Amino acid sequence: SIELNIWENSEDRQRLIAGLRKDGVTQNLEAVFRTKSGGIRYGLMSASVINLSGVPHIISITRDITDRKRTEEALLRSEAHLHTLVNTLPDLVWLKDPQGVYLSCNSRFESFFGAPEAEVVGKTDYDFFDRRLADFFRANDAAAVMAGGPHINEEEVTYASDGHREILETIKTPMFDADGHLIGVLGIARDITEHKRAE
């Protein structure tokens, strides 16, 4: 197949050849192939060099993984769409695991913490706030878990990005997997400062 015109990307062919030259074997090489009819297929290829009567030959096995790759690509597009959707919300959105470790957040929440999501994920409230405020946030997480459903509270916070203050209405909801195990606590907070002033 090395000399056949089946390779969609010449780099895939070069990776196969490089592996065979170096080790005499290439395993689980993902490659893109063009079919006789012009269609595109994804394959997972393993190949090795064998000697038959002193003449080197290549034996290879390729498994069609097109359906898996297309499913993965569709999932990535869906995740990107969801991420864009959550980032356009004017509310703060975040997800913590049961121990209070941040798993994700949107751009509005990044502004509140004054840090990008990559620096928020893996940390807890105690990494960003004094113990009193961090305890308050964790108590509300626990209240939502104990209630088994949404827990609403109000809190006044200061944004680390520019120092302005807002009164937030925060809804914390426990999230469970299909087996009923707790995944974490989803938080959504909306600025109600003007509404409170009007009251």
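Predicted model: local features only at pLDDT ≥ 70, side-chain atom pairs only at ≥ 80, totals over all residues.
I began with Asn28 and found this residue exposed, with a relative accessible area of 52%. The cut-off for exposed is over 50%, so Asn28 qualifies at 52%.

Next I looked up where Asn28 sits, and its place is in strand β1, residues 25–34.

I then turned to Ser53, another non-glycine residue with a positive phi, here near 55°. Which loop holds Ser53? I found Ser53 in the loop between β2 (40–52) and β3 (55–64). Is Ser53 buried or exposed? Ser53 is exposed, and I noted a relative accessible area of 81%.

On to the strand pairing around β8. I checked β4 (residues 92–96) against β8 (residues 182–191), and the two pair in the antiparallel sense over five bridges.

How many bridges join β7 to β8? I noted nine, with β7 covering residues 165–176 and the two strands running antiparallel. Here I picked out Met175, whose bridge partner in β8 is Gly184.

Last, I followed the chain through the hairpin of β7 and β8, which has five residues between the strands. Gly180 in this hairpin takes a positive phi near 85°.

How values were computed:
Residues numbered from 1 in each chain as written. Heavy atoms only, no water. Pairing = 2+ DSSP bridges. Helix = DSSP H or I, 4+ residues; strand = E, 2+ residues; numbered from the N terminus. Buried < 20%, exposed > 50% of the residue type's maximum accessible area, 1.4 Å probe, protein only.
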